[in-house]
Amino acid sequence: MNKNKKHIHFIGTGSAAISEIYVAAGRCDWAIGKGGQIWDYAPGVLLLQETGCTVTNLKGDPWEWGNQELVAANPN
């Protein structure tokens, strides 16, 4: 077994809020959402930002009110 090999595990929670909470809590390293509405992302974005996570749109620009896509990453 190659010890340098990295593994990626995908978790499909079916909920933007749960995915965002997992990232904010450090249970997941990142989350991506696309096609959601403001009520899907806004509460989680606040939580993510308050915990020091990076939150952008798919282009890498800071997430803004009304974006229908989200990329969140835990700094750890």
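This is a predicted model: local features need pLDDT of at least 70, side-chain atom pairs count only at pLDDT 80 or more; totals for chains, interfaces and linings use all residues.
## Cysteines

A disulfide is a covalent bond between the sulfur atoms of two cysteines.

Are Cys28 and Cys53 buried or exposed? Cys28 has 15% relative accessibility, so this residue counts as buried. Cys53 has 8% relative accessibility and also counts as buried. The threshold behind both calls is under 20% relative accessible area.

## Chain overview

The protein chain holds two helices and three strands. Along the sequence, their pattern is α-β-α-β-β.

The protein chain has 76 residues, and 29% of them count as buried. Take the contacts between residues at least 6 apart in sequence: 49% of these join residues at least 24 apart.

Strands of a sheet pair through backbone hydrogen bonds, either parallel or antiparallel.

Five bridges link β1 and β3 in the antiparallel sense. Across this pairing, Ala31 stands opposite Ala72 in β3. Three bridges join β2 to β3, residues 69-73, and these two strands also run antiparallel. Here Thr56 has Val71 of β3 as its bridge partner.

Strand β1 has two faces. Ala31 and Gly33 form the covered face. Trp30, Ile32 and Lys34 form the uncovered one.

## Helix α1

Which residues of α1 are buried? In this helix, residues 16-25, they are Ser19, Glu20, Val23 and Ala24. Seen down the axis of α1, the buried residues fall within an arc of 135 degrees, so they line one face of the helix. An α-helix has 3.6 residues a turn, so residues three or four places apart point the same way.

What do the buried residues of α1 pack against? Their partners are β1, α2 and β3. After α1 comes Gly26, with a positive phi near 85 degrees.

## The helix pair

Two packed helices are described by the angle between their axes and the distance between the axes. For α1 and α2, the axes come within 9 Å and cross at roughly 5 degrees. That crossing makes α1 roughly parallel to α2, because angles under 35 degrees count as roughly parallel.

Which residues meet between the two helices? From α1 come Ala16, Ala17, Glu20, Ile21, Val23 and Ala24. From α2 come Asp40, Tyr41, Gly44, Val45, Leu47 and Leu48. Glu20, Val23 and Ala24 are also among the buried residues of α1.

## Gly44

Gly44 lies in helix α2. Its relative accessibility is 9%, so Gly44 counts as buried. Gly44 is one of the α2 residues that meet α1.

How far apart are Gly44 and Ala24? In sequence, 20 residues separate them. In space, the C-alpha to C-alpha distance is 8.5 Å.

Definitions and conventions:
Residues are numbered from 1 along each chain as its sequence is written. Side-chain values use heavy atoms; hydrogens and water are left out. Buried means under 20% relative accessible area, exposed over 50%, partly exposed in between (1.4 Å probe, protein chains only). Two strands pair if DSSP finds at least two bridges between them. Helices (H or I, at least four residues) and strands (E, at least two) are DSSP runs, numbered from the N terminus. The arc is that of the directions from the helix axis to the C-beta atoms. Contact means heavy atoms within 4.5 Å. Axes are lines fitted to C-alpha atoms, for helices over the stretch in contact, and angles run from 0 to 180 degrees between N-to-C directions. Angles under 35 degrees count as roughly parallel, over 145 as roughly antiparallel, 65 to 115 as roughly perpendicular and the rest as oblique.
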